[in-house]
Structures are given as C-alpha cells and as structure tokens.
Amino acid sequence: MSSNKSVQSLMLTLHSLELSETSIHSAFIFGLLAYLIILLCNLTIAFTICFNRNLHKPMYIMLLNMPINDTIGATSLFPQLLYSIWCQNRLISYSACFLQGFFVHIYGGAAHIILTAMACDRYIAICYPLRYGAIMTNNILLRIITGMWFINFIIIFVLFLLLLPYKICKTYMDELICYNPSIMKIVCEDTRVNNIYGLFILCSYHIVSLSIVAFTYIHILITCITKKQSDAKNKALQTCGTHLVVFLFLEFNTFFPLIAHRSEYVPAYLRRVFSICAMVFPPLVNPLVYGFKTKEIRHCTRASDRRSISLTKSSSIP
C-alpha cells in the first residue's frame, strides 16, 4: 500500500479513545494533572539526589536513573495522548508512531536493567560491606550506568531497525499507543525475524532480570539470618521490600501487554488498558514508593523544603 519512499509521510489512525463530548475536557484535565504530577514527583527525586552531597553515593546515583527513565516513559505517552483528547484526532504520522514506539521500548528495557543493577548494588553492600567501597568505585559506577544505557539502546535500536525495510499495508492500528507489536500488525510482509528477535528480547529482559533479582534477594536474606545484628536485618528487609514492590509492579505492567499481543484469547480492550497502565502507573508509583519511602531522600527533601520556606520568609522581610 505504501512504498519505502512514502512510508515516512504515511498517516496512521490509532484506535478511538471513545470519549463523549461531555467528557473530553475532564479527560484532558485528568491526563494533564497526571502528567504534571509524574513530572513533579520524578524531577523532585532527581533534583534532590543531584543537589545533596549526602546522596552522592552509588545507591542513590543508580536510583537517579529511575526518575530520568520514568520521565522518558511518561513523555513518550502523554503529549501525544493529550493532543488526541483535546483535538479528538487520532491521526499520527508513521514517523511519529515509530519514534513513540522506540522510546516506549527504551523506557521499558531501561526500567528492567536499572532495577537489576540496583539489586546487584544492594547485594554487594549488604553481603560484602567491607569490600563495597573498593568494588563500587566512581569509575566502576560510571561504567555500569553507561553500559546499561548503551546496551539497552543498542538492543532497542536493532529491534526498530528491523522494521525499516517493511512496507505498510494498513493505516489503522487497533491500539491506543505505538510500540513494536502494534506496528508489526500493520506490516504486510513476513515478520518472522522480528518475532524471533522480539521474543528473544522479551525473555532476556524478564528472565535475566528476574533471575538476578531472585539470586540477590536470597543471598541478602541468608546474610540477614546468619547475622544477628538487628540493624543489618532491618536495612536488608527495607531495601528488599521496597525494591521488590517496584520490580514486581514493573514485571506485571510490562509482561502482560507484550504477551497479550501474541495470544488470541486476550480481549483487545484489556490489552489496550494494560498497555496504557504500563506507561502511567510505574512512573507515578516509583517516586512515591522508592523515593519518598527512602529515609535519606525523605529527610533531604524535607530539609530542602525548610530552606526554601526560610529563604521565602527572609526575602519577604523589608
């Protein structure tokens, strides 16, 4: 239906939001508020870590990648979604759809890698506390952060590079957002290679991250049991508990939509709901669970608020 030369200018139609005229404004306001809250919470965590020297430690530097990634994920969804709600226009160019899908997968892949790296950091800190400073040096930390973003970028880049040669034979997408499985459904050629590579990525991200997190948790709990110090147990349980909530929440929100695309028994509306939930709830919940539930970040945030209030009061005094 479209040649490789004209595919970039091709206009696609996403699935209707099915909003009534009376609910357009309320849906737009609700979506805008959700996006602003996500930005506020994640940027607060990011700025708190950046501008407090007490938080310039490997654990918090790794945690800094979470709000950055969550901001990328939310921004890949909300601007286009808010535009669709306000204008009641579900048209999107293939180029924009391709770009949205790319960043959606960058977000999902990075979330798994970041949480896996954070689990390894806590494993070293709790199981080998005397060697932690020698292992997690600034140089090693920089290599880990650079490496995990680079590996994730290359994996997702290849995934979408495989889509470029294909011709598009449909202009309607039965999805609310663009990502690799939904784009492949409008391709009129054999996508066997893409399916194999996509399943390989799916298994790699979920199985590898789940295995590493399980390994680190088991060893942390063993260390807690063998050590009689109550402070070590409390520290380990708090770290594992918070990390486990965020990790399992991510697994549930990202695994189901991708599997649903490969099953004929999952209703389409349920698949659409979970695809949106995967882009909304983790960026909204992560800063609340992982950031504000962490004692050091909470204290630094409160200290920053107190300084801001005192500066405001002092500036208002004539």
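Two residues are in contact here when their heavy atoms come within 4.5 Å. In this predicted model, that rule describes how helix α3 and helix α5 meet.

On the α3 side, the contact is formed by Phe 98, Gly 101, Phe 102, His 105, Ile 106, Gly 109, Ala 110, Ile 113, Ile 114 and Ala 117. Their counterparts in α5 are Ile 144, Met 148, Trp 149, Asn 152, Phe 153, Ile 156, Phe 157, Leu 159 and Phe 160. Sorted by class, this contact comprises 15 nonpolar and four polar residues, with no charged ones. The angle between two axes and the distance separating them describe how a pair of helices packs. For α3 (residues 94-127) and α5 (residues 138-161), the angle is about 145 degrees and the axes are 9 Å apart. Their crossing is right-handed.

Aromatic rings form a further theme. The model contains 12 aromatic pairs. Trp 86 is partly exposed, at a relative accessible area of 48%.

Phe 47 and Phe 51 make a stacked pair, with 5.9 Å from centre to centre and 25 degrees between the planes. Phe 47 is partly exposed, at 48% relative accessible area, whereas Phe 51 is exposed, at 65%.

Ring pairs also connect Tyr 94, Phe 98, Phe 102, Phe 103, Phe 153, Phe 157 and Phe 160 into a cluster. Finally, Arg 131 lies over the face of Tyr 128, 5.7 Å from the ring centre.

Conventions:
Residues are numbered from 1 along each chain as its sequence is written. This is a predicted model: local features need pLDDT of at least 70, side-chain atom pairs count only at pLDDT 80 or more; totals for chains, interfaces and linings use all residues. Side-chain values use heavy atoms; hydrogens and water are left out. Axes are lines fitted to C-alpha atoms, for helices over the stretch in contact, and angles run from 0 to 180 degrees between N-to-C directions. Helices (H or I, at least four residues) and strands (E, at least two) are DSSP runs, numbered from the N terminus. A crossing is left-handed if the near helix is turned anticlockwise from the far one by less than a right angle, and right-handed if clockwise. Ala, Val, Leu, Ile, Met, Phe, Trp, Tyr, Cys and Pro count as nonpolar, Asp, Glu, Lys and Arg as charged, and the others, Gly among them, as polar. Rings of Phe, Tyr and Trp (its six-membered ring) pair if their centres lie within 6.5 Å; planes under 30 degrees apart count as stacked, over 60 as edge-to-face and the rest as tilted. Buried means under 20% relative accessible area, exposed over 50%, partly exposed in between (1.4 Å probe, protein chains only). A charge sits over a ring if NZ of Lys or CZ of Arg is within 6 Å of the ring centre and within 35 degrees of the ring normal.
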